[in-house]
Amino acid sequence: MKTEADTAPGVAGFNLAGFNTLSIPAIAERFIEVTTPEQLREELASLQASGLQPALILGGGSNVVLTQSRYPVVLHLQMKGIRFRGDGNVTVAAGENWHGFVERTLEHKCYGLENLALIPGSCGAAPIQNIGAYGVEIGEFVTAVRAMHRQSGESRSFSADECRFAYRDSYFKGPEGRQWIILSLDLQLRTQARLNLAYPELAAAWAAQSDWLNESELQITDEAQRLARVVAALRRYKLPDPAVTPNSGSFFKNPIVDAQRFEDLQMRWPGIVGYPLAGGQVKLAAGWLIDRAGHKGSVSGGVGLHHRQALVLVNPGRCRGAAVLDFASRIQQDIARHFAVNLEIEPDQY
Ligand code: FAD
Ligand code: NAP
């Protein structure tokens, strides 16, 4: 997505439009590719000495809204490496592409991540919002996260408990956790495949594989590898490709309400979609709320909501962050007016 007009990394005035999947235009005064933890420590120390903290950390740029027109320093995390340690144990560096990693694990007969195929972005960002899809979350497999403190440069490991994984959330999403830059992850994957077909849409696609896979994919004997292909095909059909239509996936989180509140909403809106969670709460399908309020597929001033999945905000006009947030705020207000439910924005805003 880089253009001729872009200047080289490290040089002043680097265009970030090709480094965030919403294609929001913004300038990095310094854009630094970080390839090793040692380099990261040195860069952090020198930025601190020159008063240039905090730097904006970017992986794949698929979960951020850039709200400023200029950023003094951007650190683009590019540390690479995947190490299979046997018995399903694997360590992956933060800068590895997530989908590429999922494919490598399956090739090595390490199972569990197949439902998370084709999620954009880097491995380092994956634990931050505990990426999830089709009933699987990365937090189920992470045994440790290695990270470096932005100020002190200290490196340490966080156990799975310390990561505090929750629905699209973790310790690293909060104010304290944001002080840490993730270097690598340790995962314990399964050595035997156990397909998770709990989501009806995925179960239906699995049952009708010949509608989704090409001839050579249908010949793949490993069922988990084949399921990953079905997940990828479903996602390609349903979600806009950021390279064609800029977007950051789901723009709003599914709101969680208590059971009584859900019953009240059901009385007023009999078709409302909610999924029971452990502990008696209910997860509302935010896409249904947006659709029911009449916003699915709507576009205004270059920003809109996707016609197949109302939860996905699209930015075909490659508008600035302020215009994206302005559009989102109008949707939030309308959903609050219709249903008295608050929609929270999922991507991080800088
Ligand atoms: P970035 O956007 O680069 O960064 C996200 C945040 O993490 C920022 O705050 C950034 O500063 C910080 N960050 C990045 N790397 C590090 C690091 N190493 N250490 C510390 N902080 C860091 N998400 C899901 O959960 N499930 C889905 O199914 C899903 N589908 C998507 C589909 C599409 C089409 C798109 C565009 C997005 C989707 N997402 C989904 C959201 C997104 O892909 C994930 O959140 C992903 O993990 C973001 O990775 P990234 O490298 O692009 O992060
Ligand atoms: P979908 O299958 O149409 O489902 C719509 C919503 O209903 C989803 O938000 C999902 O919640 C929920 N849902 C569906 N079946 C469920 C079940 N059996 N139990 C509990 N919740 C259920 O969603 P989609 O848009 O096609 O996306 C497919 C998967 O990819 C979803 O898991 C979605 O979260 C994930 N995805 C995430 C992003 C992102 O940026 N965060 C973007 C695209 C897709 P959950 O969202 O909790 O799964």
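In this predicted model, four strands form an open antiparallel sheet, ordered β13-β19-β18-β17. β13 and β17 (299-300) are its edge strands, each with a single partner, so one side of each has no neighbour in the sheet. A second open sheet has five strands, also with antiparallel pairing.

- β13 pairs with β19 (residues 312-314) in the antiparallel sense, over two bridges.
- In that pairing, S250 stands opposite V312 of β19.
- Helix α10 (residues 321-339) lies across β17, β18 (303-305) and β19. The helix runs at about 40 degrees to β18.

**Five-stranded sheet**

- The strand order is β6-β7-β12-β10-β11.
- β6 (82-86) and β11 (155-159) stand at the edges; each has a single partner strand, so one side of each is left without a neighbour in the sheet.
- From one strand to the next, the twist averages 20 degrees.
- β6 and β7 (residues 89-93) are joined by four bridges in the antiparallel sense. Within this pairing, N89 of β7 is the bridge partner of G86.
- Helix α1 (residues 37-49) packs on the sheet and touches β10 (142-149), β11 and β12 (180-188). The direction of α1 makes about 35 degrees with that of β10.
- Helix α2 (residues 98-107) lies across β6, β7 and β12. Its angle to β6 is about 30 degrees.

**Ligand 1 site**

- There are 34 residues around ligand 1. S62, S122, R235, D348 and Y350 come nearest.
- The side chain of S122 places a polar atom 2.6 Å from an oxygen atom of ligand 1.
- N63 uses its backbone: an N or O atom there lies 2.8 Å from an oxygen atom of the ligand.
- G132 also contributes through its backbone, with a polar atom 2.8 Å from a nitrogen atom of ligand 1.
- By class, the shell divides into 16 nonpolar, 14 polar and four charged residues.

**Ligand 2 site**

- Ligand 2 has 19 residues around it. Y167, R168, Y199, K283 and Q309 come nearest.
- An N or O atom in the side chain of Q309 is 2.5 Å from an oxygen atom of ligand 2.
- R168 has a polar side-chain atom 2.7 Å from an oxygen atom of the ligand.
- Y134 makes its approach with a polar backbone atom, 2.9 Å from an oxygen atom of ligand 2.
- The shell has eight nonpolar, five polar and six charged residues.

Technical notes:
Residues are numbered from 1 along each chain as its sequence is written. Chains are lettered from A and ligands numbered from 1 in the order in which they are written. This is a predicted model: local features need pLDDT of at least 70, side-chain atom pairs count only at pLDDT 80 or more; totals for chains, interfaces and linings use all residues. Side-chain values use heavy atoms; hydrogens and water are left out. Two strands pair if DSSP finds at least two bridges between them. Axes are lines fitted to C-alpha atoms, for helices over the stretch in contact, and angles run from 0 to 180 degrees between N-to-C directions. Contact means heavy atoms within 4.5 Å. A residue is near a molecule or strand if one of its heavy atoms lies within 4 Å of it. A polar contact is a pair of N or O atoms within 3.5 Å; within protein, one must be able to donate a hydrogen and the other to accept it, and residues adjacent in sequence count only if both atoms are side-chain atoms. Ala, Val, Leu, Ile, Met, Phe, Trp, Tyr, Cys and Pro count as nonpolar, Asp, Glu, Lys and Arg as charged, and the others, Gly among them, as polar.
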